[in-house]
Amino acid sequence: MTSIELSDLVTTQKAFFLTGKTRDTSFRKEQLHRLKNTLLKYQSEILEALANDLGKSSTEAYLTELGIVLKEIDYLRHRISWWAAPKLRLTPLTGFPGISKTVYQPYGCVLIITPWNFPFKVPLMAVAAAISAGNCIILKPSQHATASEGLLKTILAETFPPEQVSVVTGGTEIHHPLLSQKYDFIFYTGGAIAGKKVMEAASRNLIPVCLELGGKNPCIVDNTADIDSAAKRIIWGKLINSGQNCLAPDYVLIHEDKHQELIEKMCNYIEVFYGENPVSSDSQLPSIINERHFFRLLNLSNGNNPSNGAVITPNSSGMTYNKEALKIKPVLLDSPEQDAPVMQDEIFGPILPIIPYHSLEQAISFVQNKPAPLALYLFSQDKATKRLITQTVKYGGGCINDTLLHGASPYLPFGGTGHSGMGNYHGKAGFKTFSHQKSLLTKPCKLDIPLRYPPYKESALKIIKLILR
């Protein structure tokens, strides 16, 4: 699609928005209902597309993508009227006898850019939130999840008219013309490098943005933790989508007293979950998205690199990777060095560094010396430790004694901070992100306070000080 075609599309959507149709909450609810019905109609095709693109089993695909989206749509649809209704606020004496209220107003035409790792969940969660707020949408999904991209375009074209929701496809050649348009809001999910480019492009037209990025999400496991439960839940969270998940644990800080026990139990659960040969074509371990990422991950887990520490693979017999199926056997890296490549950037794959620590202060310092992550997971039974980590460490969100689940709740806002993003969505947070909160103060004409008008008398100052104290 050319710049001219994109400009025409933005103009068309802005014109449709100005008709006021999307401001009607009944219309929004009906559109969300239509989206849900279309998703149910294409349920089998969605699961098949996820199997083709990422090797996901039907259960994992429904659990981590379609099921979450359907729940989100219902949650939004049943609450839009309440959220969108004007809310009365207190009025200070300076505004007497006025009435104060806030109103949520949709932005207009919004651009949504989403990644390949959850090619239905991420775009559809954002689209549902934008619809709930009353916007028109231009969606740019990732071209790397080919089957999902094509099906997503079919689903949205069948559900919505193009002047309300349109899908733009293409590779890197589309990025510049896409980001050159004057949208009313931009929502981006992906890596920090591209996120900076999105923010830079948005700044040229003063377009507000929400950036959902990633980072090196730590797990901290102290010596009071239930090690069996911690190992089970960390491995589950790490290997959902083969670690291709911005919320996946990226490394584990384990108290030195529990170091070996945790590794043994993690190896056990990898085998319990994915069998003795997790890279076989019929294994439930998802595939790596493409060959470029496949070889990147193989290089990161290279046992010939001494900085990686000890390379531990459960059931060391059998294949460590399957190039045809694009699967890599889960790997634990025991005690990698700080300057190891695997400790620099987000791993985004089935590789998990394990780093022992001596004191909690040492673990906290380790995390705080890195950019703020999107998520942090703490495994502990100690109340003081839970309080200390929660209050002192900067991160987007997380779980205590579990992984990932905070990101699946419509009741919790989801988003990063600093290097891991800005703004949040899911549930009411999504409605608010795609809305401008407008403040209104209404006053009658007949009643007025003369103190505010010049010429000011000295006696008025004493009264004003009392009012504004």
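Biologist: Which residues in α3 meet which residues in α7?

Modeller: In this predicted model, E45, I46, A49, L50, N52 and D53 of α3 meet T146, A147, S148, L151 and I155 of α7, contact being heavy atoms within 4.5 Å. By class, the contact has six nonpolar, three polar and two charged residues; Ala, Val, Leu, Ile, Met, Phe, Trp, Tyr, Cys and Pro count as nonpolar, Asp, Glu, Lys and Arg as charged, and the others, Gly among them, as polar.

Biologist: What angle do the axes of α3 and α7 make?

Modeller: The axes of α3 (residues 43-54) and α7 (residues 146-159) cross at roughly 155° and come within 7 Å. Angles run from 0 to 180 degrees between N-to-C directions of lines fitted to C-alpha atoms, for helices over the stretch in contact. Angles over 145 degrees count as roughly antiparallel, so α3 is roughly antiparallel to α7.

Biologist: What makes the radius of gyration agree with that of a compact globule?

Modeller: The rule is 2.2 Å times the number of residues to the power 0.38, with the radius taken over C-alpha atoms. For 469 residues a compact globule would have a radius near 23 Å; the protein has 25 Å, which agrees.

Biologist: How many of the residues are buried?

Modeller: Buried residues, under 20% relative accessible area with a 1.4 Å probe and protein chains only, make up 54% of the 469 residues. Of the contacts with a separation of 6 or more, 73% join residues 24 or more positions apart.

Modeller: Residues are numbered from 1 along each chain as its sequence is written. Local features need pLDDT of at least 70, side-chain atom pairs count only at pLDDT 80 or more, and totals for chains, interfaces and linings use all residues, while side-chain values use heavy atoms, leaving out hydrogens and water.

Notes:
Helices (H or I, at least four residues) and strands (E, at least two) are DSSP runs, numbered from the N terminus. Angles under 35 degrees count as roughly parallel, over 145 as roughly antiparallel, 65 to 115 as roughly perpendicular and the rest as oblique. Buried means under 20% relative accessible area, exposed over 50%, partly exposed in between (1.4 Å probe, protein chains only).
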